[in-house]
Amino acid sequence: MNFPVYIWIGGLQLHPHVVFEAIGYSVALRLALKNFQRDTIEPTQRSSVIVGGLVGALVGAKVLVLLQHLDLLGQNPTQFLRLLLQGKTVVGALLGALIGVELTKRLIGIKQSTGDAFVYPLILGTAIGRVGCFLTGLDDRTYGLPTSLPWGIDFGDGISRHPTQLYEIGFLLGLMLFLRWRSRYNLQQGDLFKFYLIAYLGFRLVVDWIKPDFRPVLGLSAIQLACLSGIIYYYRSIPALFQFRRIKAD
């Protein structure tokens, strides 16, 4: 396999990152809109929350890209600029969206949780997007450290590396199945989103140890520090999420 693995549609050659990112966004949006039909929030308020989340996600994704690759600023300014313009981080987008949504809810007076409707759309959208990251190869900078394990992938530089994109896809699909099972037990409104976010941030905190990232603070990368911050923000919710009491039928 030669990376990037371009997608051919007729005589048109498309970059895999663009193709799978577009598919991921489309699937996530379609599922989210379907979930909103069962929402108790007024449509105008929901629209405001979505806009707040999108703005926060865009800002968070770009800010964290900048912090994650600060080492390139002096080493390779051209690549740093390209990453800043084209790059995005899932962790930055999630935490930025969380901040944007919470600020919007305060402004318009919404007190109930609004995150549960986004959980499965986010999981599927991210998993689909990671297929594009994998097929992009080295340019995406989401690959892992060199490994001698038999499933290591040569992304084009002659070095067998951890396919961390595939690890993440496997984790997300497993998390989706787990959350479907977990939903059979007691969950308060908003718990599903908290469980998802804590689990995903915990996974990224761990898996990013096997990525060749710039680690400026305590041996942690900017993404790992952001993950740790998100987990600390929700730490009081963690014990309740692991109390499994079956929901009683009416």
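The axes of α5 and α9 come within 10 Å of each other and cross at roughly 35 degrees, where an axis is a line fitted to C-alpha atoms, for helices over the stretch in contact, and the angle runs from 0 to 180 degrees between N-to-C directions. Helices (H or I, at least four residues) and strands (E, at least two) are DSSP runs, numbered from the N terminus. The crossing of α5 with α9 is left-handed, a term used if the near helix is turned anticlockwise from the far one by less than a right angle, clockwise being right-handed. Val 91, Leu 95 and Leu 98 of α5 make the contact with Ile 223, Ala 226, Cys 227, Gly 230 and Tyr 233 of α9, contact meaning heavy atoms within 4.5 Å. The residues of this contact divide into 7 nonpolar, 1 polar and no charged, with Ala, Val, Leu, Ile, Met, Phe, Trp, Tyr, Cys and Pro counted as nonpolar, Asp, Glu, Lys and Arg as charged, and the others, Gly among them, as polar.

The model is a predicted one, in which local features need pLDDT of at least 70 and side-chain atom pairs count only at pLDDT 80 or more, while totals for chains, interfaces and linings use all residues. Residues are numbered from 1 along each chain as its sequence is written, and side-chain values use heavy atoms, with hydrogens and water left out.

With α8, helix α5 forms another left-handed crossing, the axes coming within 11 Å and crossing at roughly 150 degrees. On the α5 side the contact is made by Val 90, Val 91, Leu 94, Leu 95 and Leu 98, and on the α8 side by Phe 193, Tyr 196, Leu 197, Tyr 200, Leu 201 and Arg 204. These residues divide into 10 nonpolar, no polar and 1 charged.

Just after α5, Gly 109 takes a positive phi of about 80 degrees. Helix α2 has 26 residues and reaches 37 Å from its first C-alpha to its last, close to the 38 Å expected, and its buried residues include Gly 52, Gly 53, Gly 56 and Gly 60.

The largest nonpolar core has 28 residues, and those with the most contacts inside it are Val 91, Val 119, Ile 123, Leu 179, Tyr 196 and Leu 197; such a core is a set of buried Ala, Val, Leu, Ile, Met, Phe, Trp, Tyr and Cys residues joined through side-chain atoms within 4.5 Å. Helices α5 (90–108), α6 (119–136), α7 (164–182), α8 (191–207) and α9 (222–233) each supply at least two of its residues, and the largest share, 9 residues, comes from α8. A second, separate core of 7 residues includes Phe 3, Val 19, Phe 20 and Tyr 143.

Leaving aside neighbours within four places in sequence, Pro 121 is in contact with Ala 28, Leu 31, Ala 32 and Asn 35. Asn 35 itself lies in α1 (residues 16–36) and is buried at 17%. Thr 126, also placed in α6, counts as buried at 12% relative accessibility, and, with the neighbours within four places again left aside, is in contact with Val 90, Glu 168, Leu 172 and Tyr 200.

Some backbone details remain. Most residues other than glycine have a negative phi, and most peptide bonds are trans. The bond from Phe 3 to Pro 4, however, is cis, with omega near -5 degrees, and Pro 4 lies in the segment before β1 (7–9). Arg 141, in the loop between α6 and β3 (153–154), has a positive phi near 60 degrees and is partly exposed at 23%. Leu 218, in the loop between α8 and α9, has a positive phi near 55 degrees and counts as exposed at 78% relative accessibility.

Terms used. Buried means under 20% relative accessible area, exposed over 50%, partly exposed in between (1.4 Å probe, protein chains only). The expected span of a helix is 1.5 Å times one less than its number of residues.
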